[in-house]
Amino acid sequence: MAFAPPLLKRVRGLEFFKMLGTGRGNGFSIRPDFSRYGLLCVWESEVVADEFFKSSPLFKKFLQHSDEYFTVKLQPFQAHGKWDGVAPFKTDKNIVLKTPVAVLTRATIRPQRLRRFWQFVPETSAELDAARGRIASIGIGEAPLFRQATLSFWHDEESVKDFAYRSPKHREVIRLTREEAWYSEDLFARFAVVKTEGKTEGFSFEK
């Protein structure tokens, strides 16, 4: 986490990246899990992405220190908001939507709203875990407590919409984030899952 960013900045065709930590348990926790990490990348093309995962000394070093890994290729079809002032995902309105679907949400939480945000995490996480059509989900973060994100996988887009707009606790949180201005910056994106490889916490699925 500490030494990879300068090396990643020199990778050909890597347009945007974030090193991410996780919380304990299912990832939605204020206590960090120091054994599980994520790397989010936006690539110039699939060719340069494949080259990195095949031959990069840095990625090989990651694997040498890992008991398991999970890599997923995603194609964005909807995105709004920014991450560090950048809109990293280039969407294609003409994309032929594939299933399953992945959803990424991230936010920088205002310091004065931290307690309010974490107050709602347990109930919202439980609602997400029980949501119809959810395949898997994990809480991830760029920095403890205040720069948080969620990555989830769903059988189809209808399941995503059903959770987003019909789940009582999640709807309440959406309303409060707007009314009380919890975030100084946020981003929401949906992706078609193109291909996966490996497993995480024993979970895997072929696509």
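Student: What share of the 207 residues of the protein counts as buried?

Tutor: In this predicted model, 44% of the 207 residues count as buried. The protein exposes about 12,200 Å², and carbon and sulfur atoms supply 52% of that area.

Student: Which elements make up the secondary structure, and in what order do they run from the N terminus?

Tutor: The protein has six helices and seven strands. From the N terminus on, their order is α-β-β-α-α-β-β-α-β-β-α-α-β. The radius of gyration is 17 Å, close to the 17 Å that the globule rule gives for 207 residues, so the protein is as compact as a globular protein of that length. Along the principal axes, the C-alpha trace spans about 45 × 40 × 35 Å.

Student: What share of the contacts between residues at least 6 apart in sequence joins residues at least 24 apart?

Tutor: That share is 69%. Cys 41 gives us a pair to look at: this residue is found in strand β2, residues 32-43. Cys 41 and Leu 14 are 27 residues apart in sequence, and their C-alpha atoms are 6.9 Å apart in space. Not counting residues up to four places away in sequence, Cys 41 touches Leu 14, Phe 16 and Phe 17.

Student: Now to helices. How do I read the buried side of one?

Tutor: Start with the general idea: an α-helix has 3.6 residues a turn, so residues three or four places apart point the same way. Now take helix α5, residues 157-166, where Glu 157, Ser 159, Val 160, Phe 163 and Ala 164 are buried. These residues cover an arc of only 160° around the axis, which puts them on the same side of α5.

Student: Which exposed residues does the face of α5 turned away from its buried side carry?

Tutor: That face carries Tyr 165 and Arg 166.

Student: And what covers the buried residues of α5?

Tutor: The cover includes strands β3 (70-81), β4 (101-109), β6 (147-154) and β7 (183-198), along with helices α4 (114-129) and α6 (168-179).

Student: What does a side-chain oxygen of Asp 156 reach at the start of α5?

Tutor: The oxygen comes to within 3.3 Å of the backbone nitrogen of Glu 158.

Student: How should I think about nonpolar cores?

Tutor: In soluble globular proteins, nonpolar side chains tend to be buried together. Here the largest nonpolar core has 20 residues, of which Val 103, Phe 117, Trp 154 and Trp 182 touch the most other members. The elements giving two or more residues to this core are β4, α4, α5, α6 and β7. Helix α4 gives the most, with five residues. Apart from this core lies another, of 18 residues, including Phe 16, Leu 40, Ala 102 and Ile 140.

Student: Which residues is Trp 154 in contact with, leaving aside its neighbours within four places in sequence?

Tutor: Among them are Pro 100, Val 101, Val 103, Leu 128 and Ile 135, as well as Ser 159, Val 160 and Phe 163.

Student: Is Ser 152 buried or exposed?

Tutor: Ser 152 counts as buried because its relative accessibility is 5%, and the cut-off for buried is under 20%. This serine sits in strand β6. Its side chain makes a polar contact with the side chain of Trp 154, at 2.7 Å. Leaving aside neighbours within four places in sequence, Ser 152 is in contact with Val 101, Ala 102, Val 103, Ala 136 and Ser 137.

Notes: Residues numbered from 1 in each chain as written. Predicted model: local features only at pLDDT ≥ 70, side-chain atom pairs only at ≥ 80, totals over all residues. Heavy atoms only, no water. Buried < 20%, exposed > 50% of the residue type's maximum accessible area, 1.4 Å probe, protein only. Helix = DSSP H or I, 4+ residues; strand = E, 2+ residues; numbered from the N terminus. Arc of directions from axis to C-beta. Contact = heavy atoms within 4.5 Å. Polar contact = N/O pair within 3.5 Å; in protein donor to acceptor, adjacent residues only side chain to side chain. Rg over C-alpha atoms; globule rule 2.2 N^0.38 Å. Areas by Shrake-Rupley, 256 points an atom, 1.4 Å probe, with all protein chains shown as cover. Core = buried A, V, L, I, M, F, W, Y, C linked by side-chain atoms within 4.5 Å.
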